[in-house]
Amino acid sequence: MTVLLLLALLWLSARETEASISELIGGIPEMGKFIAKMFPPDWKYLRVVIKPMIETVQMAILGTTFGAIFALPISFLAASNVTKGWALRTPARFVLNLSRTIPDLLFAALFATVFGYGPLAGMLALSFFSFGILSKWAYEAIETIDNGPMEAMTAVGANKLQWIHYGVLPQVLAQFIGFVMYMFEINIRAAAILGIVGAGGIGIYLNRTLGMFRYDQTIVIILFTLVLVLAIDAVSSRIRGKLI
């Protein structure tokens, strides 16, 4: 029954979105022509995009850091085994759900309108985006911890701050740092796109080269981003492996 329901949902979605396998196959030659226009790459353009790529990484670093700083405290409020009262837990979860509802590109467009085009808008967009995702991961991790240490601390008269500091943080901190590292990888990819809406970084140059049909320069940006993401992924994966 579940399989039939899933198949019906897939068929309905394909029909409503006008997804067609024949059109997909028919578009393969055009895709081949598009890729062919990217070669040979204009390697001289690499000197132009080094600085905006560094800016992209800086946006991701700041956005991830600020998002993590604010995510950890609110995750304690959202976790049911830490915050028993619904009066605090429900508003905290509402804020988390709201922050995850708005996509990063919309955040970037909103902040670009308020603060002007540039990396500040991108950094703020990544901060809010990271806050929503990290706090969700964190409070779910907190709800799975062993409650034994907290019960023992409560029995000897520990207050709430001591309860969190000595009973909760030691169990989730390494996992949370792993979440932050993974979020940083995601933000590198996201920051490379935010420039399309004027939020700074390499995305501005990506949008410009596509608009000018300089696909030989577009492929340089894509390959540069790919190498950077692979390098960061290798380093962060090793760090996460040692922490978790």
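These legends go with a set of close-up views of one predicted model. Residues are numbered from 1 along each chain as its sequence is written. In this predicted model, local features need pLDDT of at least 70 and side-chain atom pairs count only at pLDDT 80 or more, while totals for chains, interfaces and linings use all residues, and side-chain values use heavy atoms, with hydrogens and water left out.

View 1. The chain has eleven helices and zero strands, where helices (H or I, at least four residues) and strands (E, at least two) are DSSP runs numbered from the N terminus. With a radius of gyration of 22 Å, well over the 18 Å that the globule rule gives for 244 residues, the chain is more spread out than a compact globule. (That radius is taken over C-alpha atoms, and the rule is 2.2 Å times the number of residues to the power 0.38.) Along the principal axes, the C-alpha atoms fill a box of roughly 70 × 50 × 40 Å.

View 2. The structure holds eight aromatic pairs. Rings of Phe, Tyr and Trp (its six-membered ring) pair if their centres lie within 6.5 Å; planes under 30 degrees apart are stacked, over 60 edge-to-face, and the rest tilted. Phe 213 is exposed, at 61% relative accessible area, whereas Tyr 215 is buried, at 13%. (Buried is under 20% relative accessible area, exposed over 50%, and partly exposed in between, with a 1.4 Å probe and protein chains only.) Look at the backbone too: Phe 213 has a positive phi of about 60 degrees although it is not a glycine, and it lies in the loop between α10 (203-211) and α11 (215-243).

View 3. Four residues, Phe 107, Phe 111, Phe 115 and Phe 128, form one aromatic cluster. Elsewhere in the view set, Arg 208 lies over the face of Tyr 205, at 4.9 Å from the ring centre. Such a charge counts if NZ of Lys or CZ of Arg is within 6 Å of the ring centre and within 35 degrees of the ring normal.

**View 4. A cis peptide bond at Pro 40.** Phe 39 and Pro 40 are joined by a cis peptide bond, with omega about -5 degrees. Pro 40 sits in the loop between α3 (28-36) and α4 (46-78).
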